[in-house]
Amino acid sequence: MRLHLRATLVAVVVLLCLPALVLAQGPGAPEIDSGATAWMLTSTALVLLMVPGLAMFYGGLVRTKNVLGTMMHSFSAMAVVGVLWMLVGYCMCFGPNALGGWCGWSGHLLGLRGLDDSVIRPAGVAIPEYVFAMFQGKFAIITPALIAGAFAERVRFRGYCVFIALWSILVYNPLCHWVWYENGMLATMGASGAIDFAGGTVVHISAGVSGLIAAIYLGSRRGYPSTAMHPNNLVMTMMGAGLLWVGWFGFNAGSSTASNFETARALTVTQVAAASGALAWMLIEALHHSKATSLGLCSGILAGLVVITPAAGVVTPMGALSLGIIASSVCYYCVLAKNKLGYDDSLDVFGIHGIAGMLGATLLAFFIRQPWMAEAITKAHQKNLGEWNVWRQCGVQLTAVAIAIGYSAVGSLILLFIVQKGVGLRLDPVRESAGLDHSLHGEAGYGLLNLN
């Protein structure tokens, strides 16, 4: 009797809820792909994890008196760019073409005010636009944070915050719009557009080139290169590199904006390139210096991760293996060349991020998967562009790289001049000697003072 009563009560509850369930799935309700949405939420968290990972990576490489100030550069980007992204960043990057295609603009995207019930299908599956906006916002945050490594240990915190705010709006947002907005000028170039799956051009080339310009414009640290400037904590640097490797799976595989075979391919080639880059750097060091270092291992990991970033959606695992080896080999000698050329890129932002980004964005054309090639050939015929081939795509890639280099260099130089003349960016000699932690923040990273 009790069993029948329970069954009756369950049936009544189901019947009462059924109309609500039917209405919830009715034509007026957005259809969300729960699997893709769940992965994009996870990827968003993974990319955000890269920011404290970067802070640890950079923080361990500077001198003790600058560890907190250097880590503040990464964390403050989450605050400054995080607010700007909500207000205007997403609108400028993914709004309809405005000002001749220089950026995007749409009133309902300002302040994200029109996204409450908005669904977006960037890869053919529906996810809430809020999720897409937050995922893309993490790329906008980490890019200016990367630049900080080039002028570490010698800039004012106030000037840095003003610089990354202006740089985010005037350099990153337009470049992002050109590459990742469906009607952006680089996205529509050639048969398939300039390939930048997860940010080789938008993130790494722009950050690397801007970092180089900043390092040259601001000048070297006091005492460089005659004074030894040893890392204060390579253990922390290795932990940071590990967090970056983990977060990069969201960075690359999340850029599929789906949860499918493309996601799996991007994740796989990311792992392969990072591993091959790390192994190649260790072998080069062993041959060159008869020993492998922890810093070299971390540098190889980064070189492999950066080089595969633009290529993660199109190359084969063997292509990823090759790109990782090439990136570590070239970046190794670019880092060595820095000392001969005389510029002080403190943490090798250009030597690793800039160079590996350029290599990945151009060389990916020679490692493209056959199915992707077939799609490109079809698109070329549909657009009456003639026969698609690797060399034509390489030309498109080189054009995009050149545009990114030129725009980032000129834009950064102008902004550096404005900020330096306006609020000041280069730290004065007295405060630089005292260290960022004590002179700018009134703190000490390890509870100790006056340590180098």
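User: Is the crossing of α2 with α7 left-handed or right-handed?

Analyst: A crossing is left-handed if the near helix is turned anticlockwise from the far one by less than a right angle, and right-handed if clockwise. Here α2 passes α7 in a left-handed crossing. Helices are DSSP runs of H or I with at least four residues, numbered from the N terminus. The model is predicted, and local features need pLDDT of at least 70, side-chain atom pairs 80 or more, while totals for chains, interfaces and linings use all residues. Residues are numbered from 1 along each chain as its sequence is written, and side-chain values use heavy atoms, without hydrogens or water.

User: At what angle do α2 and α7 pack, and how far apart are their axes?

Analyst: Two packed helices are described by the angle between their axes and the distance between the axes. Helix α7 covers residues 234-253, and α2 packs against α7 at about 155 degrees with the axes 7 Å apart. The two are roughly antiparallel because the angle is over 145 degrees. Axes are lines fitted to C-alpha atoms over the stretch in contact, with angles from 0 to 180 degrees between N-to-C directions. The α2 contact with α7 holds 20 nonpolar, 8 polar and no charged residues; Ala, Val, Leu, Ile, Met, Phe, Trp, Tyr, Cys and Pro count as nonpolar, Asp, Glu, Lys and Arg as charged, and the others as polar.

User: How do α2 and α4 cross?

Analyst: Helix α2 (residues 34-61) and helix α4 (residues 129-147) cross at roughly 15 degrees, and their axes come within 9 Å. They are therefore roughly parallel, the term for angles under 35 degrees. The crossing of α2 past α4 is left-handed. Contact means heavy atoms within 4.5 Å, and the residues that make it include Met 40, Leu 48 and Tyr 58 of α2, and Phe 135, Lys 138 and Ile 142 of α4. By class, 16 are nonpolar, 3 polar and 1 charged.

User: What is the angle between α3 and α5?

Analyst: Helix α3 (residues 67-94) and helix α5 (residues 157-180) meet at about 40 degrees, with axes 9 Å apart. The contact of α3 with α5 has 19 nonpolar, 7 polar and no charged residues.

User: Is His 177 buried or exposed?

Analyst: Buried means under 20% relative accessible area, exposed over 50%, and partly exposed in between (1.4 Å probe, protein chains only). His 177 is found in helix α5, and at a relative accessible area of 0% His 177 is buried. Its side chain reaches the backbone oxygen of Cys 93 at 2.9 Å. Beyond four places in sequence, the contacts of His 177 include Phe 94, Trp 102 and Gly 184.

User: Which backbone atom does the side chain of Gln 420 reach?

Analyst: The side chain of Gln 420 reaches the backbone nitrogen of Arg 426 at 3.0 Å. Gln 420 lies in helix α13 (residues 390-422) and is partly exposed at 28%. Tyr 217 and Leu 218 are among its contacts beyond four places in sequence.

User: Where is Ala 79?

Analyst: Ala 79 is in helix α3. Its relative accessible area is 48%, so Ala 79 is partly exposed.

Technical notes
A polar contact is a pair of N or O atoms within 3.5 Å; within protein, one must be able to donate a hydrogen and the other to accept it, and residues adjacent in sequence count only if both atoms are side-chain atoms. Angles under 35 degrees count as roughly parallel, over 145 as roughly antiparallel, 65 to 115 as roughly perpendicular and the rest as oblique.
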